[in-house]
Amino acid sequence: MNKLHLLEELQMPYQIKISNTENSVLFLTDNKKEIEAMIQYFQDIWIIEKPKQTDTYLTKIKSKGINQEEYTKIIENLSFEYCTKLFYDMSSGYKYEDDNFYMVSKDLKLWLTIYNKINHNILFLRINKEIYNVHLSQMIKDPINAKSLLSGQLLLHSSAVSLFGKIILFPAQKAAGKSTLLMSLLNYSGNYLGNDSNFISVEDSSIICKKNPHCIRLGKETVQYNAILKEFFSNIDNQNIAKMLYANIIMNGKIQFVPSALAKIYSRNCIEKDGKKVSFIIFPTLDLTIDKNEIVQISSEEAKSKLEECIEDADHRICWLPFFEEKTLYEAVRQISNEIFKKIPISYKLKYSGDVNEAYETLKKVIY
């Protein structure tokens with residue numbers, strides 16, 4: 001274990017500070033490409049700055065490559081436990097824990113994430129130069145997101161857009177058309193405020209919406225029936241610009257790209273600023289069998305019931321790094337939910353045909 005402490009103390013040549021304006025982490029690495037990947041992922045969503053000596057951080061994350069022999073010596077005497085649904089994507093992996101360290105890995109032959117319980121720092125060990133984009137970004141997000149929960153912000157399974165100066169929140173479960181609807185409205189001068197998950201909180205009797213860094217994931221049908229997206233992604237050079245560095249444009253059957261690529265797609269800055277009041281909550285359902293959209297206003301009680309389903313969604317939990325006890329986080333979620341339920345704005349149910357033009361016209365009537 002002394003070897004781990006020595007590795008934690010090593011100076012890294014590359015570093016950046018990543019912040020949601022309220023809390024921040026320091027990311028250090030010996031691989032400049034990892035810095036490039038994280039800047040691309042968080043750009044225009046959270047703040048990326050050069051660290052100052054006076055800065056304070058929730059955690060310092062160090063990514064270090066070591067040779068096979070060193071790596072083997074570190075893990076060979078540790079008793080790892082195989083666990084199911086250990087990670088943010090509900091996949092299985094290996095866990096080790098003692099009084100000082102908590103360790104996890106999806107593939108013990110390749111890498112290991114080590115959380116120091118004493119100083120709250122994280123060490124990511126790898127034995128090659130491959131870039132683990134998703135895992136590194138999750139390591140950066142988890143402590144900030146956990147802190148956000150404890151400060152009165154709720155992570156909600158939703159998408160959000162600014163249209164005609166109004167913030168519209170689309171909470172829904174999988175396959176309800178959240179992302180399809182969001183991208184449809186960006187075609188009509190809407191601004192992006194989040195895809196698949198957002199933070200919401202109560203401020204001055206209003207619900208406030210903030211972004212959670214998240215790749216935009218679209219089904220191939222969404223792209224096929226959206227003229228702007230279809231034209232853009234038909235070009236291989238555009239695909240390379242939009243995808244997360246060192247990843248594939250197609251992941252798990254969906255087109256996945258970083259939000260910062262929206263400026264290229266729409267030839268404008270279309271990412272909305274955080275901290276704006278939610279004017280409408282609209283619960284979408286994508287139904288390709290209907291010819292005309294249907295939208296009806298619902299009561300606060302029905303809206304509360306539907307919100308509860310999205311709050312409990314397992315895909316958007318704060319999961320594998322033990323910055324705070326799980327019980328504490330769940331209690332925070334319960335308290336925030338109760339505050340939000342008291343302030344629910346005008347809410348609607350939308351049955352949506354998938355037609356881009358009709359979606360815009362339907363929502364325009366409601367907003368005006």
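Setting aside neighbours within four places in sequence, Met183 touches Ile216, Leu218, Asn226, Leu229, Phe257, Leu262 and Tyr266. These contacts, like everything else described here, come from a predicted model. Met183 also turns up in the largest nonpolar core, which has 69 residues. Together with Met38, Phe233, Phe257 and Leu262, Met183 is one of the residues there that touch the most other members. As a general point, nonpolar side chains in soluble globular proteins tend to be buried together.

Now for the helix that carries Met183. Helix H5 covers residues 178-186, and nine of its nine residues are buried, so the rest of the structure largely encloses it. The buried set takes in Lys178 and the serines Ser179 and Ser184, along with Thr180, Leu181, Leu182, Met183, Leu185 and Leu186.

One partner of H5 is helix H12, residues 356-367; the two pack at an angle of about 80 degrees, and their axes lie 9 Å apart. Angles of 65 to 115 degrees count as roughly perpendicular, and H5 and H12 are therefore described that way. On the H5 side, the meeting residues are Leu181, Ser184 and Leu185, while H12 brings Val356, Ala359, Tyr360 and Leu363. Sorted by type, the residues of this contact come out as six nonpolar, one polar and no charged.

Helix H3, residues 68-75, makes for a two-sided picture. Tyr71, Ile74 and Ile75 are its buried residues. Looking down the axis of H3, these fall within an arc of 85 degrees, so they line one face of the helix. Glu69 and Lys73, on the other side of H3, are exposed.

Finally, a look at a strand. Ile167 sits in strand E12, which runs over residues 166-171. Its relative accessibility is 2%, and the cut-off for burial is under 20%, so Ile167 counts as buried. What surrounds it? Apart from neighbours within four places in sequence, Ile167 is in contact with Val161, Ser162, Leu193, Cys209 and Glu272, and also with Lys276, Lys277, Val278, Ser279 and Phe280.

Technical notes. Residues are numbered from 1 along each chain as its sequence is written. This is a predicted model: local features need pLDDT of at least 70, side-chain atom pairs count only at pLDDT 80 or more; totals for chains, interfaces and linings use all residues. Side-chain values use heavy atoms; hydrogens and water are left out. Helices (H or I, at least four residues) and strands (E, at least two) are DSSP runs, numbered from the N terminus. Buried means under 20% relative accessible area, exposed over 50%, partly exposed in between (1.4 Å probe, protein chains only). Contact means heavy atoms within 4.5 Å. Axes are lines fitted to C-alpha atoms, for helices over the stretch in contact, and angles run from 0 to 180 degrees between N-to-C directions. Angles under 35 degrees count as roughly parallel, over 145 as roughly antiparallel, 65 to 115 as roughly perpendicular and the rest as oblique. Ala, Val, Leu, Ile, Met, Phe, Trp, Tyr, Cys and Pro count as nonpolar, Asp, Glu, Lys and Arg as charged, and the others, Gly among them, as polar. A nonpolar core is a set of buried Ala, Val, Leu, Ile, Met, Phe, Trp, Tyr and Cys residues joined through side-chain atoms within 4.5 Å. The arc is that of the directions from the helix axis to the C-beta atoms.
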